[in-house]
Amino acid sequence: MLNDQTNEVFPEVFSRDGASHLSRRKFFGIMGGTAAVIATASACRKNNGMHNSGINLGSGDTGVLNYAYALEQLEAAFYTQVIKTPYKNMSATEMAYLKDVRDHEIAHREFFKAALSSAAIPALEVDFKKINFNSRDSVLGTAKAFEDLGVSAYNGAGKLLVSADYLTIAGKIVSVEARHAALIRDLIQPGSFADMTVVDAMGLDVVRTPDEVLTIASFFLKSKLNASNLPTS
Amino acid sequence: MNLQNIFSVIEKSDPEIFDRLDSRRNIMKQFARTSGKIAVASIPFALGSMLQKASAAPPPPTGDSIPDTLNFALTLEYLEANFYIKAVEVGMFPDAASKMAFTTIRDHENAHVNFLKTAISAAGFTPVSFQFADFDFTAKGNFPGVFSDYGTMLAVAQTFEDTGVRAYKGQAPNLMSNNDYLTAALQIHSVEGRHAAHLRYMRRKANLLVPSGIDLKPWITLDQSGIGSAAVQASYDGEQVVNQAGVMITNIGGFDISAEAASEAFDEPLTKEQVLAIVTPFFA
C-alpha cells in the first residue's frame with residue numbers, strides 16, 4: 001500500500017507531526033514571544049540550499065504562481081493517468097468523482113499556464129513509477145497525499161503573495177483542493193475527511209513552505225525545480 | 001440582535017475602539033508592511049507610538065482592519081460552533097459515523113472560536129462574544145426542523161460550511177499585512193472546505209438531495225445547493241462563474257472541460273456584506 005510506502009520514504013512529511021509542529025509554531029508566533037521567531041528562523045536555515053538548481057520558478061508573485069503551476073501539473077498528470085488506466089474494480093461513482101477531480105486539476109493547470117503566459121515554466125516531466133495504477137490503495141493513497149500536500153502548499157504560499165488578486169485566486173483553488181482531499185480521504189476511510197493527521201488541536205489545517213512541499217513533490221518529478229528566488233515572507 | 005450592529009458589542013465595552021481602529025487602519029497596514037517579522041503580540045505596544053505620530057491619518061481606502069476582520073470571522077465561528085453543539089446534543093443521527101462527523105466538526109469550530117478569541121485578545125483588542133440564545137437556527141422560521149429533522153439539519157450545516165469557505169476567502173486580502181493572521185485564516189479556510197465536502201458527501205449518501213435526482217458532489221457545481229429552500233440560494237449565487245481573471249476556463253487549452261467542471265474548479269469569495277445578509281436571519 002502506497003500509504004505505507006510513502007510513510008517509509010517520507011516519514012516526516014506524510015505523517016502529520018512535522019506539519020502540526022509548524023502550526024503550533026505559527027500559533028506561538030501569534031501569541032508572541034521571540035521563541036517563535038527563532039523557531040521559524042531555524043526552520044528556514046534547515047531548508048536553505050535545497051531546490052536551487054533546475055527549472056527556475058522565478059521570483060515575486062510570478063515565482064509563487066509558477067510554484068502553484070508546478071504542483072497543478074503534477075496533480076493533473078496523475079489524475080489523467082488514473083482515468084486512462086483505471087484501477088481494478090473502480091466503481092462508477094469513484095470513476096465519476098475522479099474524472100471531476102482530473103478536470104479540476106487540468107483547469108487549474110491550464111489557468112496558470114494561460115495567466116503566466118510567457119513567464120510560465122515549461123511542462124514538467126513526472127515520475128510515477130512508485131505508483132501502482134492498478135491498485136486502488138496505491139492510487140487513492142497517492143491522491144490523498146497529493147491533495148493534502150496541495151492544501152498545505154497553498155496555505156503556506158498565501159503570505160508569499162503581494163497581489164490581493166492572486167491571493168484571492170489561490171484561495172479559490174485551495175478550498176477546492178481541500179474538498180478533493182476530504183472526498184479522497186472519505187473514499188479510503190469514511191469519516192477521515194479532517195482527521196488529526198491534517199487538523200491540529202487548534203482546528204488548523206497543515207501549512208508547508210515551498211521547500212517542504214518541493215521535497216515531497218520531487219519524488220514524483222523527473223524535472224528539477226529551482227525555488228531559490230521564491231519570496232520567503 | 002441586529003447583526004449589522006454586532007460590533008456595537010465591542011463598542012460598548014470599549015467606546016473609543018472604532019475611533020482608534022477606523023482612523024488607524026492604514027497605519028496598521030503600514031506598520032505590518034514595514035515590520036512583518038515582528039511577532040503580532042508586540043503590535044499593541046509598538047502601535048502606541050505609531051498612533052501618536054499619525055493622529056491626522058486619512059480614512060482607510062479599502063477593506064476592514066485586522067481586528068474587525070478577525071471579529072467578523074469569530075462571529076461566524078460562534079454561529080457554527082453553537083449550531084454543532086446543539087446538533088450533537090439533540091443527536092438525531094442515523095448511525096455512529098454521522099454522529100462522529102458532527103462531533104469532529106463541532107470540535108473544530110469550537111477550536112476556531114478559542115483560537116480567534118485568544119488571537120484577538122493577544123493583539124490587544126476585544127473579541128466579540130455570543131451564546132446559544134443569541135441565535136435563531138430556524139432562520140426566522142425558514143428551517144423549522146433544524147433540530148428535529150435530520151435532512152434539514154444537514155442542509156443548514158452544508159450551507160454554513162459552504163458560506164464559511166466563501167467568507168474566509170473574501171476576507172483573506174484584509175489580512176495580507178500580517179503573515180501570521182493570514183496564514184492562520186487560510187488554515188481555517190481549508191478546514192471549512194473539508195467540512196463542506198464531507199457534509200455534501202453525507203447528504204448524498206443519505207439520499208437527502210433536493211430536487212431528487214440532482215447529483216450533488218463534494219464541490220459546488222454551478223450555483224446548485226441541492227437544498228429545497230430558496231433561503232439558502234444567496235450562499236450559492238455567483239458560484240457558477242467560468243471565467244477567472246479574464247481566462248475562460250470552459251474548454252481551456254483545448255481540453256474537454258465542461259462549464260460544470262469549470263465552475264467546480266474554483267470556489268468564489270463573498271463580501272462581508274453578502275455574508276452578513278446570509279447569516280443575519282440566524283441571529284435572534
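Predicted model: local features only at pLDDT ≥ 70, side-chain atom pairs only at ≥ 80, totals over all residues.
Me: How do you know whether the length of helix 5 of chain B agrees with its number of residues?

Reply: The expected span of a helix is 1.5 Å times one less than its number of residues. Helix 5 (residues 96-122) of chain B has 27 residues and should therefore span 39 Å. Its end C-alpha atoms are 38 Å apart, which agrees.

Me: What makes A:Glu72 count as buried or exposed?

Reply: A residue is buried if 20 or more other C-beta atoms lie within 10 Å of its own, exposed if 12 or fewer, and partly exposed in between, with C-beta atoms placed from the backbone. A:Glu72 has 23 C-beta neighbours inside 10 Å, so A:Glu72 counts as buried. Of the 233 residues in chain A, 52% are buried.

Me: Where does A:Glu72 lie, and which residues does A:Glu72 touch?

Reply: A:Glu72 is part of helix 5 (residues 60-84) of chain A; helices (H or I, at least four residues) and strands (E, at least two) are DSSP runs, numbered from the N terminus. Leaving aside residues up to four places away in sequence, A:Glu72 touches A:Glu105, A:His108, A:Arg109 and A:Phe112. Two residues are in contact if their C-beta atoms, placed from the backbone, lie within 7 Å.

Me: Which element gives the most to the side of chain A that touches chain B?

Reply: The contact takes 53 residues from chain A and 58 residues from chain B. Helix 8 of chain A gives the most to the side of chain A that touches chain B, with 17 residues. By class, that side has 28 nonpolar, 14 polar and eleven charged residues. Ala, Val, Leu, Ile, Met, Phe, Trp, Tyr, Cys and Pro count as nonpolar, Asp, Glu, Lys and Arg as charged, and the others, Gly among them, as polar.

Me: What is the mean pLDDT of chain B?

Reply: pLDDT is the predictor's confidence in each residue, from 0 to 100. The mean for chain B is 84, and 78% of its residues reach 70 or more. Over residues 1-61 of chain B the pLDDT is below 50. For the complex, the predictor gives an ipTM of 0.84 and a pTM of 0.83.

Note on methods:
Residues numbered from 1 in each chain as written. Chains lettered and ligands numbered in written order.
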